[in-house]
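Thank you all for coming.

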Amino acid sequence: MCVLKPSAAFRLLSILGASLFAVAVAHGADLALTADANTSALRPNANFGYLSNLYVDSNSTTFIQFDLSGLPAGITASQVSKATVTLFVNRITSTGQIAVSPVTSAWTESGITYDNSPSIGSALTTFSPGASGVFITLDVTSLVQGWVTNPGTNHGIALSSSSGASAVFDSKENDQTSHQADLNVTITSMGATGATGAMGATGSQGIPGLPGATGAQGNQGAPGVAGVTGATGVAGVTGAVGATGATGAQGTTGIAGVTGATGTTGAVGVTGATGATGMTGSQGATGIVGSTGSTGATGVTGATGMTGATGATGIEGSTGSTGAVGSTGATGATGATGATGMTYMGSYDGSVTYSGADVVLYNNQLYYAIQASPFSAVLPTNSAYWTILLPQGATGATGADGISVTGATGATGPSGSTGAIGATGSTGQAGVDGTGSNLSPWGGTIADGTMLSSSSTKVSYVTATDPMSLTLPPATLAGQEIKIVDPYQSSSSSGFTVNAASGDVIYDPWLGLGNAPQTSVLEFNAIDLISDGNHHWYVYFGGSPT
């Protein structure tokens, strides 16, 4: 529907003659709002065309479309002198600029979502809402002129937040305020100018007439139908000026209509319930164990000390006389039978028969036979017959080069005279072969709670039970070495605990303890400890017990 607003009228320009001119008339048209809705990135599949408010923020964009069929038929873009869109600002959450852009593809109020949003062109203008509860008018003249030229491009406008703005506008579904968006178009129409009529001939001067009495002012008649404009007649003689008629009374000014009250702001919708937490993803597979690092480079060999001076050669002694033959020595007593222990059988050989307590070397690891009955051709990896006695240890760090000091060569003493060769004694009786372990020197089997004694040599032990606990001797002898083997090692083994004596500490880098000193460590296979003589025990692995 088009509402026309007259802005000019016809005027009599001359009392001598009248010419009729066509003048410009402006018309204002309020066009119908056909669709309004907003989309939300937070709910990309939802349609909000039914809401009473339109939201614009960093996640929401509003779309508005008008019907141009209310414009006069045949209108051109040049006849559109002004076009404005008026919006009602319901409320403002945060200030900022809102961009107004043309929509460049089709959409419907009931079908639009964030996922299927139409395309949007470059911003036509921007504005700041300013305050809540007010109307705001936007100039869209150039956009409407383009729609008039090409009606197929009329897909409406889009409102989007360009700098943090968050505002709410009324939609056409808002039945509390009815402040829907409005598009007003001002149209200017230019009629054709009529041809100028011919100037009539000047008439003769007429006789002046007598002034007539002023007649009473009659009622104003209904406007007559405009007749066809006649040709300009000959100007008559100017008559006498008549008396001025009485001025008519001014009509009463109409009462101004009452301004409608502003509707109340609709209540904010209830916040939707938080969605259920998604299921925890399965744990990723354990990464592959990295390969063992290469052995460090060998340290530089220390410089060789100076060679001492050669001593003087002694005087060669005279040859001694041959000594008398000694008598045959008495037969020695038979040695005691050694304690039964593990028997080291060397490297594994499939053709050899093994039985319980036999120990073999296989793939750089010691295996202990747990099957009492004799067997052969069973690889040590078979856990029903063997268990790992001592696994292959990690390669130890390369030790620092020792300082090489060569002492001076002592003087050579004089050669003594050669003594007489004694008589060869008879061969003594052979002793009984022992059956003990070759982890020599053998310290035996140790029971739970044992405190080991100090020794200037290295000693090997075997644990008697599983689990069990033992205590090391004070680490006061430098170079003292103790090796302990657990023959009960299996998947269910509890291992054995090694405790340091009072005032001592243990450094065990193989259990992931780094260089932190410990007063006790839990072991499972075997352990090799060396004392520095200064109350420190150091744990080493990787060598076969000797």
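Which residues form one aromatic cluster here? They are Tyr348, Tyr354, Tyr362, Tyr367, Phe375, Tyr385 and Trp386.

Before going further, a word on the ground rules: this is a predicted model, in which local features need pLDDT of at least 70 and side-chain atom pairs count only at pLDDT 80 or more, while totals for chains, interfaces and linings use all residues. Residues are numbered from 1 along each chain as its sequence is written, and side-chain values use heavy atoms, with hydrogens and water left out.

Back to the rings, then. Rings of Phe, Tyr and Trp, the last by its six-membered ring, pair if their centres lie within 6.5 Å, and planes under 30 degrees apart count as stacked, over 60 as edge-to-face and the rest as tilted. By this rule there are 12 aromatic pairs, one of which is the tilted pair of Tyr354 and Phe375, at 6.5 Å centre to centre and with 45° between the planes. Tyr354 sits in the loop between strand 12 (343-347) and strand 13 (358-362), and Phe375 in the loop between strand 14 (365-369) and strand 15 (386-390), so the pair ties together parts that are 21 residues apart in sequence. Both partners count as buried, a word that here means under 20% relative accessible area, with exposed over 50% and partly exposed in between, using a 1.4 Å probe and protein chains only: Tyr354 has 2% relative accessibility, and Phe375 has 7%.

In the loop between strand 12 and strand 13 we also find Ala357, whose phi is positive, at about 80°, although Ala357 is not a glycine. Asn363, in the loop between strand 13 and strand 14, likewise has a positive phi, of about 55°, and Asn363 is exposed, with a relative accessible area of 54%. For background, most residues other than glycine have a negative phi, and most peptide bonds are trans. The peptide bond from Asp466 to Pro467 is cis, with omega near 5°, and Pro467 lies in the loop between strand 18 and strand 19 (468-471).

Let me turn to the overall make-up. The chain has 1 helix and 25 strands, where helices (H or I, at least four residues) and strands (E, at least two) are DSSP runs numbered from the N terminus. Of the 546 residues in the chain, 28% are buried.

Strand 16 runs parallel to strand 18 (residues 459-463) and is joined to strand 18 by 4 bridges, and Ile446 has Thr463 in strand 18 as its bridge partner.

Finally, consider Phe127 in strand 7 (residues 125-127), which is buried with a relative accessible area of 7%. Leaving aside neighbours within four places in sequence, Phe127 is in contact, meaning heavy atoms within 4.5 Å, with residues including Gly96, Ile98, Leu138 and Phe169. Phe127 and Leu138 are 11 residues apart in sequence and 8.2 Å apart in space, C-alpha to C-alpha.

Conventions
Two strands pair if DSSP finds at least two bridges between them.
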